[in-house]
Amino acid sequence: MGGGGTMGGKGGGGRKMAAAAAAVAGGGGRSRQRSAFTAWNTALLLAVALSLFQVSAVEVYTPAELSVENGTQTKLPCSFSSSEVISSDASVTWSFQAEGSTSSVSFFYYARGKSYPGKDTQFKDRSSWAGDLNKKDASINIANMQFRDNGTFICDVKNPPDIVVTPGAIKVRVVEKGNLPVFSIDLVAGASIGGVLGLVLLIVLIVCVVCRKKNSKKHYSGDPDIDARLGM
């Protein structure tokens, strides 16, 4: 009898241990579920916050290339667009990357109506502000262009909360005086106008020929013998 009681006690203890293990396992599963749910909620809230505070981009526009004469002053044009009103914190930074170099150096900064030319650059005392931020113009002037100024000029505009994604870049080529490409804007405009006028004259000539043929057919009296042979 005592041995049966002992075995019964051991059986009851085993069942209690199994029940406790099952409870622990169930609690662990619920804990993992709660952790996964919390992580999902956190990710969702983060995505909503990013969408609410998404920052727009400033679009910067510059010509791809520019040829200038040695010893002359040139304007480096740079314009931009922004979805935000031009703020008092808007700023412009110009940098220069010399030919053959892998890095650029900032040499001009403009903010709050004041320009700050770099003092330790080759453009010291040669760069000046030529833009108007209210008109979305971030251009500058460079005086006395030198052959060592060959390279890429980079225009970077910031208008918080808008930021620049890709700054504008101008590849500048300095040439001897009198060696600028002859294919200027004036010549392009003249060629375009000449082409349009030539096309108009060609159309008028074609119309005149067609009208003349129609009129000659209308006034043809005809020869009776020829018309009889032709069955007319």
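This is a stop-by-stop tour of a predicted model.

**Stop 1: the core**

Start inside. Select V92, W94, F107 and V157. These residues have the most contacts within the largest nonpolar core, a set of 27 residues. Now colour the elements that give two or more residues to this core: β1 (57-61), β5 (91-98), β6 (105-111), β9, β10 and β12 (168-175). In soluble globular proteins, nonpolar side chains tend to be buried together.

**Stop 2: the sheet β3-β9-β8**

Select β3, β9 and β8. They form an open sheet of 3 strands in that order, and the pairing is antiparallel. The edges belong to β3 (74-76) and β8; each has a single partner strand, so one side of each lacks a neighbour in the sheet.

Zoom in on β3 and β9. They run antiparallel and are joined by 3 bridges. Pick K75; its bridge partner in β9 is N141.

**Stop 3: the sheet β4-β1-β11**

Next, select β4, β1 and β11. Here too 3 strands make an open sheet, in the order β4-β1-β11, but the pairing is mixed. β4 (79-81) and β11 are the edge strands. Each has a single partner strand, so one side of each is left open, without a neighbour in the sheet. Between β1 and β11 there are 2 bridges, and these strands run parallel. Show A57: I163 in β11 stands opposite.

**Stop 4: the salt bridges**

How many salt bridges does a search of the whole structure find? There are 3.

Begin with D89 and R112. Their closest N and O atoms are 2.6 Å apart. D89 sits in the loop between β4 and β5, and R112 in the loop between β6 and β7, so the pair ties together parts 23 residues apart in sequence. D89 is partly exposed, at 43% relative accessible area. R112 is exposed, at 58%.

Move to D149 and R126. This salt bridge has its closest N and O atoms 2.9 Å apart. It links distant parts of the chain: D149 lies in the loop between β9 and β10, R126 in the loop between β7 and β8, 23 residues apart. Are these two residues buried or exposed? D149 is buried at 0% relative accessibility. R126 is buried as well, with a relative accessible area of 10%.

Finish with K158 and D156, whose side chains meet at 3.3 Å, N to O. K158 is partly exposed, at 38% relative accessibility.

**Stop 5: backbone exceptions**

Most residues other than glycine have a negative phi, and most peptide bonds are trans.

- Select D125. Its phi is positive, about 65°, although it is not a glycine. D125 lies in the loop between β7 (114-117) and β8 (127-129), and counts as exposed at 71% relative accessibility.
- Select K136. This residue is not a glycine either, yet its phi is positive at about 60°. K136 is in the loop between β8 and β9 (140-142), and is partly exposed at 29%.
- Select P160 and P161. A cis peptide bond joins them, with omega about 10°. P161 belongs to the loop between β10 (151-158) and β11 (163-164).

**Stop 6**

End on helix α2. L205 is in helix α2 (residues 185-218). Because its relative accessibility is 52%, L205 counts as exposed.

Conventions: Residues numbered from 1 in each chain as written. Predicted model: local features only at pLDDT ≥ 70, side-chain atom pairs only at ≥ 80, totals over all residues. Heavy atoms only, no water. Helix = DSSP H or I, 4+ residues; strand = E, 2+ residues; numbered from the N terminus. Buried < 20%, exposed > 50% of the residue type's maximum accessible area, 1.4 Å probe, protein only. Core = buried A, V, L, I, M, F, W, Y, C linked by side-chain atoms within 4.5 Å. Pairing = 2+ DSSP bridges. Salt bridge = Lys/Arg side-chain N within 4 Å of Asp/Glu carboxyl O.
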